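Good morning, colleagues. Please turn to the structure on the screen, and I shall take you through the packing of its helices and then its sheet.

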Amino acid sequence: MIKPSTIAIDGPAGSGKSTLGELLARRLGYLYFDTGVMYRTVAWLTLQEGVDPADREAMAQIARTVRIKVTHPTVADGRQYTVLADEQDATWQIVSSQVDAVVSVVSAYPEVREALIEQQRAIARAGGVVMVGRDIGTVVVPDADLKIYLEASPAIRARRRYEQALQRGEKVSYATVLADLCRRDKLDSERSIAPLQPAADAVIIRSDDLSLEEEWQIVEKLIAEPFGSELQR
């Protein structure tokens with residue numbers, strides 16, 4: 001069976017893209033690359049430097065100058081990867097609720113996206129990669145071999161994010177997490193550049209009532225049957 005060289009997984013915050021993407025990459029022997037870490041890194045630097053997220057040009061300048069490197073985990077602390085921002089380990093800092101609150105604003109700027117998208121495409125061109133984000137199948141790699149759109153209800157996604165925040169020791173309420181997630185959904189889906197939406201040829205998987213293993217079984221079938229047989233025709 002010929003496996004897809006590039007797998008794109010898109011979906012809203014908290015839908016489980018990262019967890020599924022990491023599992024697929026590990027079982028297929030592929031590189032796992034969550035493109036959202038690049039936007040999160042820029043958002044985190046914005047907060048670190050006290051820059052107003054509304055300052056479009058300042059955001060673009062940070063995106064153009066920061067050197068972001070994503071590698072396999074370098075510390076055994078539960079991380080899926082290590083994110084270096086100018087050689088500084090920012091892996092856990094970029095997943096804070098403070099970053100959650102501004103990342104959609106930052107990622108909506110065309111200048112920021114243009115500064116990062118070529119790096120993302122270069123990684124995709126190397127093949128053997130599972131790429132996760134919000135516009136992978138529609139913008140970053142529209143010719144990906146297999147496109148998946150993972151979705152779940154806002155309540156389920158907020159619960160997942162809330163539990164993750166508690167595990168990180170953050171003091172936040174479920175109501176706040178849900179409100180922030182709904183606000184982010186609105187920003188992501190209504191932005192003029194690369195809005196959040198499934199690609200026309202994406203397979204949509206609703207994960208509300210699915211375990212991770214059940215999601216894997218669906219994707220495994222996609223690879224082994226319709227995708228694999230179509231590649232060999």
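I begin with two helices: helix 2 (residues 36-48) packs against helix 4 (residues 97-107) at an angle of about 110°, and their axes are 8 Å apart. Helices here are DSSP runs of H or I with at least four residues, strands are E runs of at least two, and both are numbered from the N terminus. Axes are lines fitted to C-alpha atoms, for helices over the stretch in contact, with angles from 0 to 180 degrees between N-to-C directions. Helix 2 is therefore roughly perpendicular to helix 4, a term that covers 65 to 115 degrees.

This is a predicted model, in which local features need pLDDT of at least 70, side-chain atom pairs count only at pLDDT 80 or more, and totals for chains, interfaces and linings use all residues. Residues are numbered from 1 along each chain as its sequence is written, and side-chain values use heavy atoms, with hydrogens and water left out.

Which residues of helix 2 meet helix 4? They are Tyr39, Arg40, Val42, Ala43, Trp44 and Leu47, contact meaning heavy atoms within 4.5 Å.

An open sheet of 5 strands has the order 2-6-1-7-8, with parallel pairing; two strands pair if DSSP finds at least two bridges between them. Strand 2 (31-34) and strand 8 (203-206) each have a single partner strand, so one side of each lacks a neighbour in the sheet. From one strand to the next, the twist averages 20°. Strand 2 is joined to strand 6 (residues 129-133) by 4 bridges, and leucine 31 has valine 129 as its bridge partner in strand 6.

Conventions. Parallel < 35°, antiparallel > 145°, perpendicular 65-115°, else oblique.
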